[in-house]
Amino acid sequence: MKKNFDVELLEEAQAFLENLGEKERKKIFYNIRKAQYINDNELFKKLNDNIWEFRTLYNSKAYRLFAFWDKSQKTNTVVISTHGILKKTQKTPTKEIDKAENIRIEYLKNKDDEKRK
């Protein structure tokens, strides 16, 4: 089975995962790996035009890692995970989606600046 994309965790996403218990972290990584191979809205869901979320439900708690696609490399598609939250309400907080969008804009701007050098 072919992997659909690679995943890169930005610093804030790494910090979020490091602050979780080992079992929670393992379950989230398991779901991320699974999402790389199969299309499943329960694991990886589109929130708007640019932002997606990796979804994990563990011990009745909803963990979310926000992400966006980086398709700038023709041979290798990468999903960049920006940050994570422990979701406490039914609706995904708009401020978290906005935060992921702002990180996406900054990331792509920095990438373009690097190309020009």
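Leaving aside residues up to four places away in sequence, glutamine 36 touches Lys2, Lys3, Asn4, Phe5, Asp6 and Val7. The structure described here is a predicted model. Glutamine 36 belongs to helix H2, which covers residues 22-37. With a relative accessible area of 8%, glutamine 36 is buried, because the limit for that class is under 20%.

Among the residues touched by glutamine 36 is Phe5, and phenylalanine 5 is likewise buried, at a relative accessible area of 5%. Phenylalanine 5 also takes part in an aromatic pair. Over the whole structure, a search identifies eight aromatic pairs. In one of them, the ring centres of phenylalanine 5 and tryptophan 69 lie 5.1 Å apart and the ring planes meet at 75 degrees, so the arrangement is edge-to-face. Phenylalanine 5 is located in the segment before strand S1 (6-9), whereas tryptophan 69 is in strand S4 (residues 61-70); the pair therefore ties together parts that are 64 residues apart in sequence. Tryptophan 69 has a relative accessibility of 25% and accordingly counts as partly exposed.

The stacked class applies here because it requires planes under 30 degrees apart. Phenylalanine 44 and tryptophan 52 are both buried. Through ring pairs, Phe5, Phe44, Trp52, Phe54 and Trp69 are linked into a cluster.

Lysine 46 touches Ile51 and Trp52, residues up to four places away in sequence not being counted. Lysine 46 is placed in strand S2, which comprises residues 44-46. Its relative accessibility of 44% makes lysine 46 partly exposed, whereas tryptophan 52, which lysine 46 touches, is buried. Lysine 46 was also compared in position with phenylalanine 68: the two residues are 22 residues apart in sequence, and their C-alpha atoms are 9.3 Å apart in space.

Note on methods: Residues are numbered from 1 along each chain as its sequence is written. This is a predicted model: local features need pLDDT of at least 70, side-chain atom pairs count only at pLDDT 80 or more; totals for chains, interfaces and linings use all residues. Side-chain values use heavy atoms; hydrogens and water are left out. Helices (H or I, at least four residues) and strands (E, at least two) are DSSP runs, numbered from the N terminus. Buried means under 20% relative accessible area, exposed over 50%, partly exposed in between (1.4 Å probe, protein chains only). Contact means heavy atoms within 4.5 Å. Rings of Phe, Tyr and Trp (its six-membered ring) pair if their centres lie within 6.5 Å; planes under 30 degrees apart count as stacked, over 60 as edge-to-face and the rest as tilted.
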